[in-house]
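Me: I have a model open and would like to talk it through before setting anything up. Could you go over it with me?

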Amino acid sequence: MSRPESGAGDEHPRHEDFTTRHAPTPLELPFSDGEASTNVDLKTQIIRFAITGAGSGVLDFGLTLLLQYVVGTPFWIAKSFGFILGTTTAYLLNRRWTFEAEPSALRFVAVAALYGVTFFVNVGLYTWCSHLWPQTIVYSFAAYVIAQGTATVINFIVQRLVIFRIR
């Protein structure tokens with residue numbers, strides 16, 4: 001396979017430039033034309049992380065409430081599905097937009113491990129709080145804020161200091 005010529009100033013290879021086999025990465029939204037870099041300052045990362053987190057949080061909590069109060073799913077199952085939807089959305093957006101990091105099979109595995117840990121923290125705290133309080137939307141929201149807030153802090157610190165520094 002021949003390597004396509006790149007134009008002057010084209011610092012990052014395009015996907016078709018890779019001639020070696022690599023692990024498939026998940027479908028991702030193209031927020032920029034070039035491959036990602038890790039040159040985003042802390043303030044920008046925090047702002048983007050918050051915006052991404054807010055949108056993903058709406059998806060997470062919305063699905064949790066729908067399953068828990070409309071469908072009648074037990075709160076720990078409802079929260080599990082909400083977490084999976086919200087976290088998947090957050091990863092896809094954070095990888096490309098917040099941290100502007102290039103695709104990496106190692107990074108994807110590291111994020112999957114981190115999300116495995118935060119899944120148990122998040123769902124565990126939500127379930128624990130749900131056992132303490134009456135099952136109402138107000139108390140479910142309070143449980144969600146505690147669980148999601150804890151998981152978000154863990155996610156940001158580990159992603160910024162470890163995962164999105166992996167090359």
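Predicted model: local features only at pLDDT ≥ 70, side-chain atom pairs only at ≥ 80, totals over all residues.

Me: What does the secondary structure of the chain come to?

Reply: The chain has four helices and zero strands, and read along the sequence this gives the pattern α-α-α-α.

Me: And how many of the residues count as buried, as a percentage?

Reply: Of the 167 residues in the chain, 37% count as buried. As for contacts with a separation of 6 or more, 74% of them are between residues 24 or more positions apart.

Me: Which residues make up the largest nonpolar core?

Reply: That core has eleven residues, namely Phe49, Tyr91, Leu92, Phe99, Ala101, Val111, Leu114, Tyr115, Phe156, Ile163 and Phe164. At least two of its residues come from helix H2 (75-98), and at least two from helix H3 (105-132), with H3 giving the largest share, three residues.

Me: What lies apart from it?

Reply: There is another core, of eight residues, which includes Phe61, Leu65, Cys129 and Tyr144.

Me: Switching to pockets, what volume does the second largest pocket have, and which residues lie nearest its centre?

Reply: Its volume is about 220 Å³, and of the 17 residues that line the second largest pocket, Gly53, Ala90, Gln148, Thr152 and Asn155 lie nearest the centre.

Me: Which elements give two or more residues to that lining?

Reply: Helix H1 (42-71), H2 and helix H4 (137-161) each give two or more residues to the lining of the second largest pocket, and H4 gives the most, with six residues.

Me: How does the lining split by class?

Reply: The lining of the second largest pocket has ten polar residues and six nonpolar ones, together with one charged residue.

Me: Now asparagine 122: where is its place, and is it buried or exposed?

Reply: Asparagine 122 sits in helix H3, and it counts as buried because its relative accessible area is 0%, where the cut-off for buried is under 20%.

Me: Which side chain is joined to asparagine 122 by a polar contact?

Reply: That is the side chain of lysine 79, and the polar contact between the two side chains is 3.2 Å.

Me: What else does asparagine 122 touch?

Reply: Leaving out residues up to four places away in sequence, asparagine 122 touches Phe83, Ala147, Gln148 and Ala151 as well as Lys79.

Terms used
Residues numbered from 1 in each chain as written. Heavy atoms only, no water. Core = buried A, V, L, I, M, F, W, Y, C linked by side-chain atoms within 4.5 Å. Buried < 20%, exposed > 50% of the residue type's maximum accessible area, 1.4 Å probe, protein only. 1 Å grid on protein atoms, 1.4 Å probe; cavity = no way out; pocket = protein on both sides within 12 Å on 5 of 7 lines; lining within 4 Å. Points joined across faces, edges and corners; volume = space filled by probe spheres on them. Nonpolar A, V, L, I, M, F, W, Y, C, P; charged D, E, K, R; others polar. Polar contact = N/O pair within 3.5 Å; in protein donor to acceptor, adjacent residues only side chain to side chain. Contact = heavy atoms within 4.5 Å.
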